[in-house]
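Let's take a walk through this model together, one element at a time. Have the sequence and the 3D view open side by side, and follow along as we go.

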Amino acid sequence: MEREREEKVVGKIIVEKSGPLMGTVRVSGAKNSVLPILAASLLSTDQCILEEVPGLNDVDVICDVLTSLGAKVNRLEGEKVEVNAVNLTSCEAPYELVRKMRASFLVMGPLLARLGEARISMPGGCAIGTRPIDLHLKGFKAMGAEINFGHGYVEAKAERLVGTKIYLDFPSVGATENIMMAATLAEGQTIIENAAEEPEITDLANFLNKMGARIMGAGTDTIKINGVESLGGAVHTVIPDRIEAGTYMVAAAMTGGNVLVDNVVADHLKPVIAKLKESDVEVIEEGNGIRVIAKKRPKAVDIKTLPYPGFPTDMQAQFMVMMSVAEGTSVFIETVFENRFMHVRELERMGANIKIEGRSAIVKGREHLLGGPVKATDLRAGAALILGGLVSEGPTIIGNIEHIDRGYVNIEDKLRGLGAKIYRKDVVEEESE
Ligand SMILES: CC(=O)N[C@H]1[C@@H](OP(=O)(O)OP(=O)(O)OC[C@H]2O[C@@H](n3ccc(=O)[nH]c3=O)[C@H](O)[C@@H]2O)O[C@H](CO)[C@@H](O)[C@@H]1O
Ligand SMILES: C=C(OP(=O)(O)O)C(=O)O
């Protein structure tokens, strides 16, 4: 039988071999900070104002979630967002929004604490792993919440949460954030042990403390939260995105460039800086920026992803593409997500020599890669393909770019500002039904 064919217009990012990148690029506010912080604004009975809010699709989704709960969200000029969650009208985050972005689940803690009840669509897995939410729920349960599942939703109820000691089996970023937010309004003290230590946790705690919360120890493995009766408004500036910064640092290193990556906290980038230096790339701190200078082909280095302050899993794909053109062989071990090597197949399509052995990947560096049609399987995989395109012979045509738009503000403009040959184009594709 003849198959019906439909035509569809899809956006692609096209990258051509570019010379050494030169100039200055400014890093935007951190996606992984602003998402929990926007969720936390649900706890406030007054207006909150956030600054350095990146213009990302993920931010639009969390703002839609807040709006669906009854909060008033206004985007102001200059990357500012105003949230007024005084009158919440719903405690339910629907499937249509949670399926667009897993981080929507971060509203569970604030809703449970503020309204005594939350009903959230169960987030599914994604291209990097199954990503369960058991640790979030274990925390809420320990604080006295009743948890029920049904029809694809998880419901939590508690008249008032009660503080307790919660040990996380793994220092989950999301579970630490969700439990920390819930604990701000709990009765008594909550202690989170084996907590995640990421800078985004500290940023969230700083925001909550400005609202009147009493959180101590954020940024260490033990966080103590003394519950208060209510939280007020706050004005807060989101920290710079360390992963966006790291991505541009790798872009400079791979292309033999000289780039000042501006608006960064160097301390948050310790493992990335250490690995670039080990790779014989020059990294110099300059005011609020980091200059990356590469005078020769990078040297192969081994990478093992770990919770902070270890090497971030969100930089694994970008380093892997750099190692694909490095001198020598490197070994990658991914310990955070069980399935975060989806980019390997796409990099192989570009000529990279990579062998996967369970949770390890062995990368043999080549002189250069070859452009061609590839697709972004997740956000950082997409970033890695762009980086690969900068050093590939022939154009690299990247599909599924909606992943990239989740987490990089104006990536083509920022890279073009450094001299990269990159543009976006709508193309008509045939789809068979
Ligand atoms: C929006 C956001 O901030 N996303 C970041 C956050 O994701 P996210 O908060 O989802 O990541 P987690 O730290 O929770 O996940 C780490 C590991 O713990 C497991 N786990 C997590 C929760 C749970 O209840 N049970 C469980 O088993 C996960 O499956 C994964 O294997 O941290 C990750 C690890 O640094 C980053 O890659 C993501 O960019
Ligand atoms: C995995 C990431 O994000 P998320 O947790 O939102 O999927 C990421 O930022 O690389």
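Predicted model: local features only at pLDDT ≥ 70, side-chain atom pairs only at ≥ 80, totals over all residues.

Strands here are DSSP runs of E with at least two residues, helices are runs of H or I with at least four, and both are numbered from the N terminus. Two strands count as paired if DSSP finds at least two bridges between them. Axes are lines fitted to C-alpha atoms, for helices over the stretch in contact, and angles between N-to-C directions run from 0 to 180 degrees.

Residues are numbered from 1 along each chain as its sequence is written, with chains lettered from A and ligands numbered from 1 in the order in which they are written.

Next comes another open sheet of four strands, in the order β18-β19-β21-β20, again with mixed pairing. Its edge strands are β18 (303-304) and β20 (353-357); each has a single partner strand, so one side of each is left without a neighbour in the sheet. β18 runs parallel to β19 (residues 329-333), joined to it by two bridges, and K304 stands opposite I333 in β19. Helix α10 (residues 316-324) lies across β18, β19, β20 and β21 (360-364), at about 30 degrees to β21.

Now to the helices. Two packed helices are described by the angle between their axes and the distance between the axes. The axes of α1 (residues 31-40) and α7 (residues 199-210) come within 9 Å and cross at roughly 30 degrees. That makes α1 roughly parallel to α7, a term for angles under 35 degrees. N32, S33, P36, I37 and A40 of α1 meet E200, D203, L204, F207 and L208 of α7, where contact requires C-beta atoms, placed from the backbone, within 7 Å. Six of the contact residues are nonpolar, two polar and two charged.

α7 also packs with α6, at an angle of about 10 degrees and with the axes 10 Å apart. These two helices are therefore roughly parallel to each other. Their contact involves V173, T176, E177, M180 and M181 of α6 and E200, I201, L204, A205 and L208 of α7.

What surrounds the ligands? Ligand 1 has 20 residues around it, the closest being N32, L135, S172, V173 and G174; a residue is near if its C-beta atom, placed from the backbone, lies within 6 Å. α1, α5 (134-142) and α6 (173-183) are the elements that give two or more residues to this shell. Around ligand 2 stand N32, R102, A103, I128, D314, L379, R380 and G407.

Notes:
Parallel < 35°, antiparallel > 145°, perpendicular 65-115°, else oblique. Contact = placed C-beta atoms within 7 Å. Nonpolar A, V, L, I, M, F, W, Y, C, P; charged D, E, K, R; others polar.
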